[in-house]
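Here is a short briefing on a structure. It covers an annotated site, a chain contact and a helix pair.

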Amino acid sequence: MTKLVQAVIQPHRLDDVKSALEAAGVRGLTVSESSGYGRQRGHTEVYRGAEYTVDLVPKVKIDVLVADEDAAGVVEVVVKAAQTGKIGDGKVWVVPVEDVVRVRTGEHGSDAL
Amino acid sequence: MEFTLDSGNTAFMILAASLVLLMTPALAFFYGGMVRGKSVLNMMMMSFGALGLVGLIWILYGYSATFGDGNYLGFFGNPFEYFGLQGATDDESLMAATGVPFLVAAGYQATFAIITVALISGAVADRMKFSAWMVFAGVWATFVYIPMAHMVWGGGHLSGDGAIASALSTPIDFAGGTVVHINAGAAGLALALLLGKRKGFGREPMRPHNLPFVMLGAALLWFGWFGFNAGSEFAADATAGRAWINTTVATGVAMLAWLATEKARDGHATSLGAASGIVAGLVAITPAAAAVDTWGAIVIGAVAGVLCALAVGLKYRFGYDDSLDVVGVHLVGGLVGTVLIGLFATDQNATWYPEGALNGLFYGGGVTQLLSQTVVALVAVVFSFLATYVIGSIAKATIGIRASEDVEVGGIDLAVHGESAYETLGGGRVVTEVK
């Protein structure tokens with residue numbers, strides 16, 4: 001079976017996380033720019049004296065499909081590579097996946113990973 | 001007067017006219033970067049629209065109605081004398097004294113009319129019907145810009161032949177503090193009041209969507225402004241150099257002053273502040289460009305930088321949506337420059353000095369020039385505001401000036417121009433049949 005490891009991390013940690021995942025044998029991932037907030041909350045910007053509170057801060061979201069038995073290890077790799085120790089480092093979670101299909105070949109399940 | 005061509009001055013004036021023309025597309029970038037991404041094209045199109053329409057009007061009858069013979073009510077010259085800029089001889093050139101031909105002089109003046117109309121568009125961002133803007137632009141150029149330029153430069157009420165000059169002293173407006181900046185600023189205020197606030201003004205964030213555009217625009221405006229100020233000498237001489245130096249130093253100081261003001265108040269020296277300070281300084285030094293010496297230019301720049309940085313906050317206090325601060329920058333900056341001439345005007349150090357003008361208060365001329373400058377500035381504010389308010393009210397009652405709420409919420413670019421500035425995912429598919 002397959003698991004989906006999802007992570008929301010600081011944008012500037014992306015390169016390190018990607019390298020660490022490659023080193024750990026992960027063969028593919030999807031990255032999207034996103035925004036959100038957790039304990040970090042937002043920040044203030046000032047334009048010609050008009051103050052704006054920006055609640056949503058830029059984040060990067062990573063999706064990695066892995067085999068069941070690899071999920072825990074991949075989570076560890078992401079956490080280690082993304083961590084700076086400051087508020088706003090993000091979250092990593094794992095969800096079960098019912099099926100995966102490789103579009104090019106039509107393979108299903110773990111063959112498609 | 002016998003006309004003798006001066007090819008040096010003529011080359012300089014053709015170049016200066018081209019520089020001033022560049023200011024209008026520069027303004028499109030300056031304003032365009034400051035609005036949200038969904039209305040940047042409309043913002044830029046208001047400037048481009050003015051380029052086309054006001055250029056045409058100027059060449060057809062605008063120049064003639066400003067500088068033509070006669071003095072109808074003190075507001076207009078004869079609009080038919082030079083209709084289409086045909087048939088004039090070079091000894092009738094505004095710049096005949098410096099050996100610049102009629103057509104070059106008329107062309108140079110066209111660029112001023114264009115940029116003045118375009119400046120107003122900053123007050124109406126995101127919410128004015130484009131058709132109404134174009135109608136307004138033509139009517140305003142005809143009934144506000146032309147009379148103002150005639151009054152100040154064409155021998156009307158505010159010139160050396162007018163009432164202020166005979167009662168006090170000749171008001172000094174070297175390159176257009178009253179005609180261009182006070183005029184556009186007061187008009188922007190009137191139009192912003194008539195249009196009403198943008199939906200969500202003061203509640204929803206309306207941050208500038210592209211600050212590099214704003215800085216690019218400010219840089220190009222500064223460059224073009226050398227044509228505006230140094231070119232207003234109508235000759236390539238030391239006084240043009242004086243205008244160039246003052247335009248550089250006042251602008252630099254105004255930028256520093258704006259940055260210092262916002263650093264003290266908000267804690268950050270911002271790029272938008274730098275771009276805004278540049279324009280505030282350029283505006284303020286415009287009427288004074290060749291009328292003050294280096295020290296006067298530095299003080300005018302500093303005062304403009306601080307006052308304009310503070311003035312852009314007034315719209316939130318008084319609740320009018322002058323979206324991109326035409327009032328805070330052009331009206332306030334124009335007033336600073338026009339009035340401070342009364343303190344710093346001097347006839348020394350390669351400055352320009354119209355007949356009947358006096359030195360400023362700090363240069364031994366007493367208070368007369370200060371009074372003259374203050375009166376001319378106030379008259380310009382009142383005339384422009386009232387005339388614009390009347391024109392805007394008529395447009396509002398007849399053709400309507402405000403875009404619908406749906407248009408405003410969804411973005412005026414898409415609704416009015418059928419375009420979007422930036423590509424997004426799912427950019428559509430082609431429906432035009434390809435043969």
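How many residues of chain A are in contact with chain B, and how many of chain B with chain A? In this predicted model, seven residues of chain A meet 14 residues of chain B.

**The chain A side of the contact**
- Strands β3 (43-47) and β4 of chain A each give two or more residues to the side that touches chain B.
- β3(A) supplies the largest share, three residues.
- By class, this side of chain A holds four nonpolar, one polar and two charged residues.

**Tyr52(A)**
- UniProt, in an unreviewed entry, lists Tyr52(A) under "modified residue: O-UMP-tyrosine".
- Tyr52(A) sits in strand β4 (residues 50-54) of chain A.
- Tyr52(A) counts as partly exposed because 15 C-beta neighbours lie inside 10 Å.
- Beyond its neighbours within four places in sequence, Tyr52(A) is in contact with Thr44(A) and Glu45(A), and with Pro205(B) and Arg207(B).

**The α1/α2 pair of chain B**
- The axes of helix α1 (residues 7-34) and helix α2 (residues 40-67) of chain B come within 8 Å and cross at roughly 160 degrees.
- The crossing angle is over 145 degrees, so α1(B) is roughly antiparallel to α2(B).
- The crossing of α1(B) past α2(B) is right-handed.
- On the α1(B) side, the contact includes Thr24(B), Leu27(B) and Tyr31(B). Facing residues in α2(B) include Met43(B), Phe48(B) and Leu51(B).
- The residues of this helix contact comprise ten nonpolar, three polar and no charged.

How values were computed. Residues numbered from 1 in each chain as written. Chains lettered and ligands numbered in written order. Predicted model: local features only at pLDDT ≥ 70, side-chain atom pairs only at ≥ 80, totals over all residues. UniProt positions renumbered as here; feature names shortened; annotations may be inferred. Helix = DSSP H or I, 4+ residues; strand = E, 2+ residues; numbered from the N terminus. Buried ≥ 20, exposed ≤ 12 C-beta atoms within 10 Å, placed from the backbone. Contact = placed C-beta atoms within 7 Å. Nonpolar A, V, L, I, M, F, W, Y, C, P; charged D, E, K, R; others polar. Axes fitted to C-alpha atoms, helices over the stretch in contact; angles between N-to-C directions. Parallel < 35°, antiparallel > 145°, perpendicular 65-115°, else oblique. Left-handed = near helix turned anticlockwise from the far one by under 90°.
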